[in-house]
Amino acid sequence: MNLDHFFVPAEAVSRSRPANLAVGDERLFAAERSRTYEDVSAVQVAKVCILPDGVCLRPAGPLFFPTLVFPQDTLTLRHACKAALRLPIAAIRGIRGRERRNYLNGLLISDLYLGGFFHWFCEILPKITALVDAGVDLRERPVLVPECRDAEYVGESLAAYGLSPHVIRQAEYAAVERLTFVPRLTPSGNVRPAVMRRLAERMRAHAAALPGPGRIYVSRGKAAKRRLLNEAEIFPILERHGFQVVCMEELSLVDQVRLAAGSQLIVGLHGAGLTHMLWMPPGARVLEIRAAGDCTNNCYYGLASDLGHSYYYTVASKESPFATSQRSNFVVDVGRFEQALIAAVQADVN
């Protein structure tokens with residue numbers, strides 16, 4: 001298939017209830033029990049300069065990535081304000097003093113707001129999977145990645161597709177005669193189930209991963225934010241139930257995939273570590289420690305259901321009631337945590 005004709009049809013998704021849903025908590029998950037995604041087509045743009053901070057410039061003036069994103073994606077107030085500040089700065093700095101790298105064709109799969117481990121694997125790399133599934137030959141169309149979106153796992157994961165990123169470094173810019181941009185396949189925090197299953201299969205095969213009976217707890221003890229302050233109190237409980245405590249950032253991506261693929265149960269605080277449920281065999285179990293009363297951050301609930309995993313949860317309190325769920329540290333009720341863990345473990349045994 002020619003990339004210019006790439007198309008992903010509309011899709012409706014229904015999700016199962018959390019396995020240990022408590023009375024009165026239905027509202028926490030109500031907004032994500034079902035989703036409908038619009039069809040998505042590739043966007044063609046002529047004569048684009050891409051800067052290392054992820055901003056695009058065109059001869060007629062600055063072009064900000066969200067103008068290329070499929071219309072289902074609307075900017076939040078925070079992102080709109082950020083765009084209003086960054087565009088003039090980018091237009092002023094532009095390409096002055098940067099080395100020009102010329103491309104006749106180029107493929108852009110990231111946008112300015114898709115950064116971080118979860119977003120790469122659940123919102124950017126799925127585009128590559130969908131392109132490959134559609135029979136698009138990507139070998140002659142460089143995958144362009146602004147340096148602000150580059151990370152070790154980017155190159156490692158693209159290698160599973162036989163690709164390598166063309167990273168736009170700080171001292172340069174990419175001048176693309178014909179740029180193809182692939183919009184988001186879903187709104188942020190959601191996935192296309194079939195695409196994600198094929199992505200997971202490819203990564204497991206690339207890592208030569210094997211299924212196993214393991215249980216892992218993904219710690220955020222080394223993270224800069226959103227840590228579990230009383231994490232040490234749950235370690236004895238985890239140990240009694242045969243869990244391995246891991247900090248994923250200490251492992252290569254291949255080892256992360258192998259570890260998760262050999263596990264039937266993953267536990268962790270809301271954060272990128274739970275993305276590793278992707279590599280677990282279908283029918284596995286996920287236990288998320290999530291903010292009490294949070295009806296918004298349901299990406300891991302949705303991902304677990306879409307992958308065919310059983311989803312369990314327990315809630316934790318914010319260190320500061322004034323901080324957002326994304327920025328706050330947390331304290332979990334140890335008794336409630338153990339209760340949820342036992343429910344997930346017993347289901348694992350059965």
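A nonpolar core is defined here as a set of buried Ala, Val, Leu, Ile, Met, Phe, Trp, Tyr and Cys residues joined through side-chain atoms within 4.5 Å, where buried denotes under 20% relative accessible area, exposed over 50% and partly exposed in between (1.4 Å probe, protein chains only). The model is predicted: local features require pLDDT of at least 70 and side-chain atom pairs count only at pLDDT 80 or more, whereas totals for chains, interfaces and linings use all residues. Residues are numbered from 1 along each chain as its sequence is written, and side-chain values use heavy atoms, with hydrogens and water left out.

The largest nonpolar core comprises 65 residues, of which L107, W120, F121, I128, L131, M277 and W279 touch the most other members. Helix α3 (residues 117–133) makes the greatest contribution to this core, with 10 residues; helices (H or I, at least four residues) and strands (E, at least two) are DSSP runs numbered from the N terminus. Another core, of 22 residues, lies apart from the largest one and includes Y217, V267, I289 and F330.

Beyond its neighbours within four places in sequence, W279 is in contact with F121, L199, A200, M203, R204, Q256, V257, A260 and A261 (contact: heavy atoms within 4.5 Å).

In the whole structure, 11 aromatic pairs were found. Rings of Phe, Tyr and Trp (its six-membered ring) pair if their centres lie within 6.5 Å; planes under 30 degrees apart count as stacked, over 60 as edge-to-face and the rest as tilted. The ring centres of F29 and Y313 are 5.1 Å apart and the planes stand at 65 degrees, so this pair is edge-to-face. F29 belongs to helix α1 (residues 26–29) and Y313 to strand β16 (residues 310–318), 284 residues apart. Y313 also pairs with Y311 in a stacked arrangement, at 6.4 Å centre to centre and 10 degrees between the planes. F29, Y301, Y311 and Y313 form one aromatic cluster.
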